[in-house]
Amino acid sequence: MARRRTERIKPSEITSESAFFNRREVVRSAVALGLLPAASKALGAAMPPDGDFGELAKWPGSVEEEPNAFEDITTYNNFYEFGTGKGDPARNAHTLETSPWSVEVTGEAEKTGTYTLEDILKPHTLEDRVYRFRCVEAWSMIVPWVGFPLGDLLKRFAPLAGARYVQFFTLNDPSQMPGLRYPVLEWPYREGLTMAEAMHPLTLLTVGVYGKVLPNQNGAPLRLIVPWKYGFKSIKSIVRIHFTETQPKCSWNMAAPQEYGFYSNVNPNVDHPRWSQATERRLGAGLFSPRVPTLMFNGYADEVADLYRGLDLVKNY
Ligand SMILES: Nc1nc2c(c(=O)[nH]1)N[C@H]1C(S)=C(S)[C@@H](COP(=O)(O)O)O[C@H]1N2
Ligand SMILES: [Mo]
């Protein structure tokens with residue numbers, strides 16, 4: 001499997017990227033973790049012009065449940081830069097310009113600087129993952145996200161010993177984002193993870209859904225998916241990645257620290273101060289969507305519980 005993946009790399013891609021990326025090392029670590037799908041597709045030159053990634057392999061760790069409809073996933077959204085109503089992002093996000101796009105890398109890393117979206121995506125391969133994705137409002141969906149492990153990208157920037165956390169920032173352009181006029185959150189939207197969380201193979205840098213380029217309302221062209229955390233940790237339309245020694249500021253934590261902690265791991269045993277988090281409403285299962293029990297770490301406890309050994313998850317909510 002590793003050989004097939006390596007064979008797909010064009011020599012031109014290797015030369016242009018070798019200055020800051022040891023591909024073989026990343027491929028080896030992916031093999032060690034058993035994460036290589038039967039086939040994976042090189043991103044090559046950024047986004048497919050027709051918006052279609054074509055045939056993708058399903059990641060072996062995907063949940064088995066039937067995914068929500070594309071329609072649900074792309075019309076019921078949270079993206080406050082385009083309004084606070086669930087239908088606002090689908091209505092308003094057409095003004096977001098996703099090309100050209102660049103990402104600034106700052107802080108505790110050797111290879112800081114500004115990278116184009118093409119630079120970011122070129123050496124990576126896609127893995128089609130189906131995630132159970134859940135939001136803090138206690139609704140959930142099953143979503144076939146398309147992306148690759150964030151850690152594969154972060155390694156390319158050669159983080160320094162001082163990089164204990166990673167912070168992410170969303171675009172902050174009022175001419176493209178009408179919601180920025182309203183001070184509902186402190187803009188730009190920002191989020192953060194510990195380095196161990198960011199390097200975990202389940203943390204996905206996401207570029208698509210259902211084999212297609214992300215619609216703007218879902219955070220095009222580049223967003224996080226952190227499947228074991230509440231939805232707001234999965235920051236959209238990322239323009240900056242910052243490596244830092246101290247725990248970074250996060251928009252929802254800044255807005256209401258007693259309600260939204262830094263970790264925000266899905267935890268049915270810890271209620272939000274204003275509602276129970278023991279059950280969730282599964283969207284798309286008809287008008288009366290059933291409530292189902294919420295699972296610890298959103299069902300990914302086997303994969304991620306080790307990250308929090310010895311941490312009091314009631315205090316560190
Ligand atoms: N920049 C930005 N990212 C964001 C948000 C936002 O308002 N702005 N909302 C978050 C919240 S609360 C949720 S639930 C998810 C929703 O992702 P989806 O619309 O793709 O389902 O995006 C998260 N990422
Ligand atoms: Mo959310």
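Predicted model: local features only at pLDDT ≥ 70, side-chain atom pairs only at ≥ 80, totals over all residues.
**Entry 1: where the ligand is.** I began by looking up the position of ligand 1 and found that ligand 1 sits in the largest pocket. For the space in that pocket I noted about 430 Å³.

**Entry 2: the shell around the ligand.** I then listed the residues around ligand 1, which number 17, and wrote down Tyr-80, Glu-81, Cys-135, Arg-223 and Lys-236 as those that come nearest. Sorted by kind, the residues of this shell are 8 nonpolar, 6 polar and 3 charged.

**Entry 3: polar contacts.** Which side chain has an N or O atom 2.8 Å from an oxygen atom of ligand 1? I found that it is the side chain of Asn-77. At Tyr-80 I looked to the backbone, where a polar atom is 2.8 Å from an oxygen atom of the ligand. For Asn-218 I noted a polar side-chain atom, which lies 3.0 Å from an oxygen atom of ligand 1. I next looked up the cover: on its own ligand 1 has 530 Å² of accessible area, and the protein covers 99% of this.

**Entry 4: the pocket lining.** Turning to the largest pocket itself, I recorded 28 lining residues, with Asn-78, Phe-79, Gly-231, Phe-232 and Lys-236 lying nearest its centre. By kind, the lining divides into 18 nonpolar, 6 polar and 4 charged residues.

Definitions and conventions
Residues numbered from 1 in each chain as written. Chains lettered and ligands numbered in written order. Heavy atoms only, no water. Near = heavy atom within 4 Å. Polar contact = N/O pair within 3.5 Å; in protein donor to acceptor, adjacent residues only side chain to side chain. Areas by Shrake-Rupley, 256 points an atom, 1.4 Å probe, with all protein chains shown as cover. 1 Å grid on protein atoms, 1.4 Å probe; cavity = no way out; pocket = protein on both sides within 12 Å on 5 of 7 lines; lining within 4 Å. Sits in = over half its atoms within 2 Å of the grid points. Nonpolar A, V, L, I, M, F, W, Y, C, P; charged D, E, K, R; others polar. Points joined across faces, edges and corners; volume = space filled by probe spheres on them.
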